[in-house]
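Hi everyone, thanks for coming. Have a look at the screen, and then I'll walk you through a few spots.

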Number of protein chains: 2
Amino acid sequence: MAHPNLSTGPDRGDRSGLAGDTVRRILHIAAAIRHYQDVEIAALGLTPAAARALHELDPDRPLPGRDLAEQLGCDRSNVTALVDKLEQAGLVERRVDPADRRQKTLVVTDAGRRVRDRVHQVVSDSRLLDGLGTDELANLRELVWKVSDGGCPEQCGED
Amino acid sequence: MAHPNLSTGPDRGDRSGLAGDTVRRILHIAAAIRHYQDVEIAALGLTPAAARALHELDPDRPLPGRDLAEQLGCDRSNVTALVDKLEQAGLVERRVDPADRRQKTLVVTDAGRRVRDRVHQVVSDSRLLDGLGTDELANLRELVWKVSDGGCPEQCGED
DNA sequence: TATTGTTATACTCTATAACTATA
DNA sequence: TATAGTTATAGAGTATAACAATA
């Protein structure tokens, strides 16, 4: 394991127990968020993976499938199937890159832009945080930013 | 949609934008946690779903598969395959309940207890929170507890 | 030879429906 | 008739390996 922050029991009071509790709770929250997001994604006629692929595409900066695969952290072969779905739905177009005919540039269509905006709304749906006060929300945001990359919410860009 | 906390752009400064940022960041963190946990789960010779099933079983209180399915939030048919794996690995035993011969009680073996303890360590692995100070960690923990069920970390039990 | 996209294939996870044996 | 477990099947997600076209 080679990592000290591990404990078997509840162990409340020491840092390991606190951190372990927090990690499990974060996973629990994420699963809940995913659950209702997936319902809304399905209502858009997309699978979660296809929605994420569309969301990852920048309508103003088309890119080859290889780069999308890298952004999604998956194999190129999966991008083929994902883009198949998006293209069939008229949300994305494949265009052979004249400069390198091996590559196909992925272009978000006008319809794709609209659906992508809806996807962005869905993945930003924050109903689970409604119970937090304004200061608590700001506090939570700073903490999760620090956890995810040690950056600062005010200056850094998005995901 | 029927929910007001939605925004399309970055919109930093208003509550919707803050909350959306936070939600996406939480999902990002959860994905990172899952990623390294899955690696360690695989090192135990288990799939993530099988590990979760084993973790959900209480070695001191055997229960029928139906209850495990409910705890996992999945269909009974999946439990069959999951327990197949766990039983084949010698971690769990199926025993026909004499009181109701339709039911099969799931009993964690001694080997199962040991692996389950390791699984608990893995799902509590908090390396991602190492960058937080002690007070920040306590702060984060209170906030995620409030989000996940409005409860209080000091009094309530585990997941 | 190396790379892009594709295809074929396989495994995991999950769901539904139908079956069996009990109750 | 209803329930517990199982089986068969299907779809989604992801991975590897091999292939064609291109560089």
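So, is Leu106(B) buried or exposed? Leu106(B) counts as buried because its relative accessibility is 4%; buried means under 20% relative accessible area, exposed over 50%, and partly exposed in between, with a 1.4 Å probe and protein chains only.

Quick housekeeping. This is a predicted model, where local features need pLDDT of at least 70 and side-chain atom pairs count only at pLDDT 80 or more, while totals for chains, interfaces and linings use all residues. Residues are numbered from 1 along each chain as written, chains are lettered from A and ligands numbered from 1 in the order written, and side-chain values use heavy atoms, leaving out hydrogens and water.

Back to Leu106(B), which sits in strand 3 (residues 104–108) of chain B. Strands (E, at least two residues) and helices (H or I, at least four) are DSSP runs numbered from the N terminus. Setting aside neighbours within four places in sequence, Leu106(B) has contacts including Leu57(B), Leu68(B), Val83(B) and Glu93(B); contact means heavy atoms within 4.5 Å. Glu93(B) is 13 residues away along the chain, yet the two C-alpha atoms are 5.7 Å apart.

Now chain A. You'll find six helices and three strands there, running α-α-β-α-α-β-β-α-α along the sequence. Of its 159 residues, 45% count as buried. In helix 2 (residues 48–56) of chain A, the buried ones are Ala50(A), Ala51(A), Ala53(A), Leu54(A) and His55(A). Among the elements they pack against are helix 1 and helix 5 (110–123) of chain A.

And Arg34(A)? That one lies in helix 1 (residues 15–43) of chain A, and Arg34(A) counts as partly exposed because its relative accessibility is 46%.
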